[in-house]
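Visitor: Hey, could you walk me through this one? I'm new to reading structures.

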Amino acid sequence: MERIGFLKKEKIEEYLQSLSKKGELYVPVDVGRAVKFEKYLTGSSICLDRPPTLPPKSVIYPQSERLFKFKFKKDEGNVDLIEIEEVEDTKKRIIFGARPCDSAGFSVIDNVFIQTDTPDVYYERRRMNSFIAAKACDKPSAGCFCIAVGGGPFDDSGSDALITELEEGYLIEAKTEKGSLFLDWELIEPGDDHLEKKLKKKEESERLLSEYLGELKKIEPLDPKTESFNDENFWKRHLSKCISCGLCTYLCPTCYCFNITDEKKIFEGERIRSWDSCMFFHFTLEASGHNPRPDKFKRFRNRVGHKFMFYPEKYSQLIACCGCGRCIRFCPVSVDIREVVFELQKPRRV
Amino acid sequence: MVELKEKISEVFRDTNLVICWREGFDPIHATPHFVREESQIEDSIFNLFCVHNLCVYLPFLKEKAGILVKGCDSRTLIQFLQEGLIRREDVVIIGISCRGIIDVGKLMREVLYEAVTGVSIDGDSIKVKTVSREREFQLTSLLADKCKICRYPNPLIYDHLIGEPVESKVSWDMAYEDIREFEKKPLEDRLSFWTKEIGKCIRCYACRNACPLCICRDRCIAETRDPHFTSQSVELKEKFMFHFIHAVHLAGRCVECGECERACPVGIPVKMMKKKINLEMKELFDYETGINVDDKPPMYTFKAEEEKIKEHEL
Amino acid sequence: MPQESKKELRIIGFLCNWCSYGGADTAGVSRFKQPTDLRIVRVPCSGRVDPLFVVRAFLSGADGVLVSGCHPRDCHYSDGNYYARRRLEMLKRLLPFFGIDDRRFHYTWVSASEGERWQRVVTEFTKVIHGLGPLKIEEGEEIG
C-alpha cells in the first residue's frame, strides 16, 4: 500500500502543529553546535538541512529507562515486604525528519528486541506506538556510506513514511499502514505529479554518494574465518589511535547494548536500563575483577565483530551497521570503521 | 614537509615509534599516525587540520616514543613531567611552531556536514570543495578559538624544532576575557546556561578520554559502582556531577589544549570550566600549568600561611 | 531522616573527628541552643573532604554545605587541613561559575573546646541558607 501526498513548504509549521496533536512529536532541532531530536513545541525551528548529530534512537530506546520502582515496606532486604510499581507507557510517539539510516537502525534493533521468542516489552511497546517519517538525503555527508551496507539515501526500511524535499515543498510517501498518519490532513495535496522529480533526485543523490565512496562502495559481512580478525598486530596497527571513548556507540543508530542497575536510596529506588558501550572498560568487567576485554584493541575488535560478523551470522547476513557515518564524522581521532573492515577483508599482507 | 619527514626518520631510528599525523578519511580530517615501520613515515603530514593533542597516548605507552607537539601540546608534556606521569628520557620531542589550526567542527557545520572532496589553501583564504559546490572562507574565520588567544605558539619543551618561531601578542587578560565576561552575568543566567549546555551531554566520555590529563581512564569514578558517585541515569544532576568531577580533578592541571571541547559531539563548552579554575589558580597561587618542569601543581602542595586565602566570615 | 517541618532546609555538615565534631559535641553537652537543619557527617579529617562530596550533596538536594576542621597548625594529622583549605577555596570560587551561590558553601575551623563558636557558626550559616531559600537545579526536558 503506497500513498503519496505533497506539502507546500510554507505549510510545514501548521502541519507539524497538527501532527503534534496526534502524539508526542519529535523533530530535529539545532541546539547550538549540534542537532538533536527534541519534543516539538510551537515555534521550534525544525532543522532538516543537515543530518542530526544524534539519531532519534533515544526516542524509542531511551538512554536510561525506568523499568520499575520498588519500595521496601519495613526492613531493607526483606523481599517479602517489597512493593513494586510498574511503568505503563502507552504514549504515541511521532518522529519527523529522521534520516533513512536512522530508521534502518531501528530495524537492526527490532531483530534483537522484538523478532525473538522473548520480546522486550519495554522496547516493543514504544516501537509499536511510534510513527517514523524519514527525510531522504540529497547529498552525502562526511563519512556517509549507507549504500555500502545495503541501505540508501532514499531507502525506506524501518520508516513509515519517506519525505523528499523538493523546491516547492515536501513529497510524502506512506510506506506502511502507520504511515497514513502523515498524510491524513487537509494540508496535504495530491503528490503524484512530483514523483518524477523525486526519482531524479534519488538518482542524483545515489550517484553523488557512490562517487564519494570510490572503492569503499560495498562492504560485505565478515567471514568468521577472517585471518586478521584474530591477529593482535592488525588491531594495534589500525587502532593505536583509538581513545576508547563511547562516542561511536552512543551516536550509533544500531548499537543497543545496555546495562541494568538498581539505583537505591535507603528504602526505595528504581531499576533502570541504560545504554552501555562496548568501548568502556566496565562493559565486560566481571565481579571477580577479571576483564576479558581489558584493552581498547579487544574492545574495538568486538565492536567490529559484532556489527560485521556475529550479527550477520545470526540474522541472515544483515550487517548491524546502517552506514550513517556518525562514528566516523564525530570521532575525536577520526577512526574510520569502513577502512578497518575494508582492511580486514583484504588478502593478508605477507 | 621534507623537513618534517627527515626529522621523523631521524627520531624513528632512535625510538622505533613516532606518533605523528596522517590524512584521515577526508581532506579536512587528519588522524593520529603511529609510525612503527619505516615505510609509514611517507604518510606523515603536518597541516592546519592536525588538531589532536598527541600527548594523550603517552602516559599509557610502555615504550620509548617520538612525538610531535604544537606549542599548546608541549605544555601537556611539562605537566606530565611535573606530575611524574612520564620520564623525560622516554620521549623524543619534535616541536612545531604553530600558526593555529582549524576548528574542523566549525568548518563541518559551515558546509552543513556535506562530504568534503577537496581543500586548497591560498594565503589567507581556504577553498573547500564539497560534493555539491565549492566555498571559500577566510582562514581567520575558521581558526580554532583557542588559537585566537594562544600565548604559546612555540613549543616550550623539545628536542627538535620545526618551523620559524611565531610571535604571540596575546596577554593573560586577553586569554581569559571570555571567562570574566561570562562571570558578569547574573547567577541565574549562569545556572540556566549550564543547565542547557550540560543537559545536552550524553555521557559518552569523549571529553574525558580525549583529555591528556584525565589519567584515571578505566578507573574513573564517574563509572565505578563502588564508590557509587554517579548513577547510570541520564538525569541532569548526574550529568552535572560528571562535569564537576572532570573540572575538579583537573584543578591546577589543565593545560587548556581544548581537546575536551573539540571531542564533544554535542558542542558543550567543556573547556570554560577548566579555564575558570586556571584563572583562580593564577590568582590564588600565582601558578600557571605546563610552563615550568620544576613547578608543583598547587593542589599537590600547601603553605602553612596562604597569602591569598582569607578566612571567610559568615 | 524525614524533614519534620516544611520550614526546615537541608544543610549537610562534614566535620573532622578530632576538632569540629568534638566542638559540636561540646556545644551539645553544654546545651547550647542550635537550629536543627544541619545533618552531620563525621570524617577523619577535613583533608578527607573531597570537594566532590560537597558537589554531590548539592546535587542530591542539599541547600547548604558546611565543612569544618581543626584550625590551621592544629590538624591531628599535621597537614590535612592545609590541603583541604586549598581544595575548598578552589571549590568555593568555582561554584558561582555554575550559578550556585557561593554563600551556600562555607568552610571554617572549629576546635573541640569551641562549643560556643560552633553554636555561632551553625546558627549564622543556617540563617544565611534560610535567607537564600532552597537550591533549585531544574531538570531540563528529557527525551522519552
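Visitor: Why does the radius of gyration of chain C agree with a compact globule?
Guide: With 144 residues, a compact globule would come out near 15 Å, and chain C has 15 Å, so the two agree. That radius is taken over C-alpha atoms, and the globule rule is 2.2 Å times the number of residues to the power 0.38. One caution: this is a predicted model, where local features need pLDDT of at least 70 and side-chain atom pairs count only at pLDDT 80 or more, while totals for chains, interfaces and linings use all residues. Residues are numbered from 1 along each chain as its sequence is written, with chains lettered from A and ligands numbered from 1 in the order written.

Visitor: How much of chain C is buried?
Guide: Buried residues make up 52% of chain C; buried means 20 or more other C-beta atoms, placed from the backbone, lie within 10 Å of a residue's own.

Visitor: And what pattern does chain C follow?
Guide: Along the sequence, chain C reads β-α-β-α-β-α-β-α, with 4 helices and 4 strands. Those are DSSP runs: helices are H or I with at least four residues, strands E with at least two.

Visitor: Switching to chain A, what order do the strands of the open sheet take?
Guide: The order is 5-4-12-11, paired antiparallel. Strands pair if DSSP finds at least two bridges between them.

Visitor: Which strands are on the edges?
Guide: Strand 5 (82-86) and strand 11 (258-265) of chain A, each pairing on one side only.

Visitor: How many bridges join strand 4 to strand 12?
Guide: In chain A, 7 bridges do. As for partners, Phe68(A) is bridged to Arg271(A) in strand 12.

Notes. Buried ≥ 20, exposed ≤ 12 C-beta atoms within 10 Å, placed from the backbone.
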